[in-house]
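Please keep the sequence and the structure in view while reading.

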Amino acid sequence: MKFSTEELMEGIQSGNKRLIAKAITLVESKKAEHRTQAEELLKKIMPFTGNSIRVGITGVPGAGKSTFIENFGRLAIANGKKVAVLAIDPSSSINKGSILGDKTRMEELAKEENAFIRPSPSSGFLGGVANTTFETMMICEAAGYDYILIETVGVGQSEVLVADITDVFLFLKIIGGGDELQGIKRGIMEMVDLIFINKVEKENLQKAKNTRLELKRALDFIPPKEKGWKIPVLLGSALYNEGLEEICTKIDEFIDLKKKTSRFNEVRTQQAEKRFEYWVQEYILAMMKRSDSVEAAYIQHKKNASEMVSNPSTEAKLFVEKFLSKD
């Protein structure tokens, strides 16, 4: 059944999870008629967005992201908050499919009235998120969710783009995976705001403390992302709800600091500008390819690149210059 923009808008504002999900499906669609309605819907919801705390959560597979999100979400709900989870699953490069299993892994959280879980395929989009995650987040904010938790695909160090759409970037670390410094990559360490060493128990407590010390030493060599904020490295176990209260406290402290220094709104402005630049590129390419001559040139230059007739970047430059240069 097709819903009108007004019906979707009303459903979002009343917290109707079915219509919220329908609105997100609409925004994720690549069909031209769906894109038109999606843009209309997004324009209508904008005045009701911006009131949530956006938290990006990353870590290698096995770090316990889903368990952390489930128990952190339940804790936030117990404290009177509404929680939306946007879980990004990697898409197959072969058949473009995605398992989307996060809802089954967060079974208890999914039962909560004040929780909304939306798994989305990355669809080949790099950076640990999907290309419409930002817009999906807007829908959840308009629906009144206080926390938007974005779980990245967790495939390594490409997760940094999630920092471009969130207020807080949390890195989950585990111990016992060989060289403890192997997980300390400068790219991701420059982006994080909080580090949580997960799966800490009595028998590995000393190892966890050693890992924390090494992480703190590594952070000393990286300029602070936010002035006045020393990145906390916390120990705990998401499975046993240990350390989650402290994470809540640190998130609140970090947001308070950003708001006091005016960085909160400043960063959100920069993020919106980056989304604008992304969509400008997408729409320019889409519009150019509507022309038969442009489409033919695009295919030819792409073929030249794939067959290594010349460098792919050179072919891209030639294609763009052919249609966009003043000459």
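Ser262 is partly exposed because its relative accessible area is 49%, where buried means under 20%, exposed over 50% and partly exposed in between (1.4 Å probe, protein chains only). The model is predicted: local features need pLDDT of at least 70, side-chain atom pairs count only at pLDDT 80 or more, and totals for chains, interfaces and linings use all residues. Residues are numbered from 1 along each chain as its sequence is written, and side-chain values use heavy atoms, with hydrogens and water left out.

**Backbone angles and loops**

- Most residues other than glycine have a negative phi.
- Ser262, which is not a glycine, has a positive phi of about 70 degrees.
- Ser262 belongs to the loop between α10 and α11; helices (H or I, at least four residues) and strands (E, at least two) are DSSP runs, numbered from the N terminus.
- Met308 is also a residue other than glycine with a positive phi, near 55 degrees.
- The loop between α12 (292-306) and α13 (312-324) holds Met308, which counts as exposed because its relative accessibility is 56%.
- Gly64 lies in the loop between β1 (53-58) and α4 (65-78), and it counts as buried because its relative accessible area is 14%.
- From Gly64 to Ser237 the C-alpha to C-alpha distance is 9.1 Å, although the two are 173 residues apart in sequence.
- Ile175 is placed in the loop between β5 (168-173) and α8 (186-189), and it counts as buried because its relative accessibility is 14%.
- Between Ile175 and Thr211, 36 residues apart along the chain, the C-alpha atoms are separated by 7.1 Å.

**Aromatic rings**

- A pair of aromatic rings is described by the distance of the centres and the angle of the planes.
- Rings of Phe, Tyr and Trp (its six-membered ring) pair if their centres lie within 6.5 Å; planes under 30 degrees apart count as stacked, over 60 as edge-to-face and the rest as tilted.
- This rule gives a count of eight aromatic pairs.
- One of them is the tilted pair of Trp229 and Phe254, with 4.9 Å centre to centre and 55 degrees between the planes.
- This pair links distant parts of the chain, 25 residues apart: Trp229 is in the loop between α9 (205-219) and β7 (233-235), and Phe254 is in helix α10 (residues 244-260).
- Trp229 counts as buried because its relative accessibility is 13%, and Phe254 is buried because its relative accessible area is 0%.
- Tyr278 and Trp279 form an edge-to-face pair, 5.0 Å centre to centre with 75 degrees between the planes, and both residues are buried.
- Phe68, Phe72, Tyr147 and Phe196 are linked by ring pairs into a cluster.

**Charges over rings**

- A charge sits over a ring if NZ of Lys or CZ of Arg is within 6 Å of the ring centre and within 35 degrees of the ring normal.
- Over the ring of Tyr145 sits the charged end of Lys82, 4.6 Å from the ring centre.
- Lys259 lies over the face of Phe264, 4.9 Å from the ring centre.

**Pockets and cavities**

- On a 1 Å grid over the protein atoms alone, a cavity is a set of points where a 1.4 Å probe fits but cannot get out, and a pocket is an open set with protein on both sides within 12 Å along at least five of seven lines; lining residues have an atom within 4 Å of a point.
- Grid points are joined across faces, edges and corners, and a volume is the space filled by probe spheres set on the points.
- The second largest pocket has a volume of about 410 Å³.
- Its lining has 17 residues, of which Leu42, Met46, Phe134, Glu135 and Trp279 lie nearest the centre.
- Two or more lining residues each come from α3 (32-45), α7 (133-142) and α11 (263-288), and α11 gives the largest share, six residues.
- The whole structure contains two cavities of 30 Å³ or more.
- The second largest cavity holds about 40 Å³ of space, and its lining includes Trp229 and Phe254.

**Cysteines**

- The structure holds zero disulfides, a disulfide being a pair of cysteine sulfur atoms within 2.5 Å.
- Cys140 is buried because its relative accessible area is 0%, and Cys248 counts as buried because its relative accessibility is 7%.
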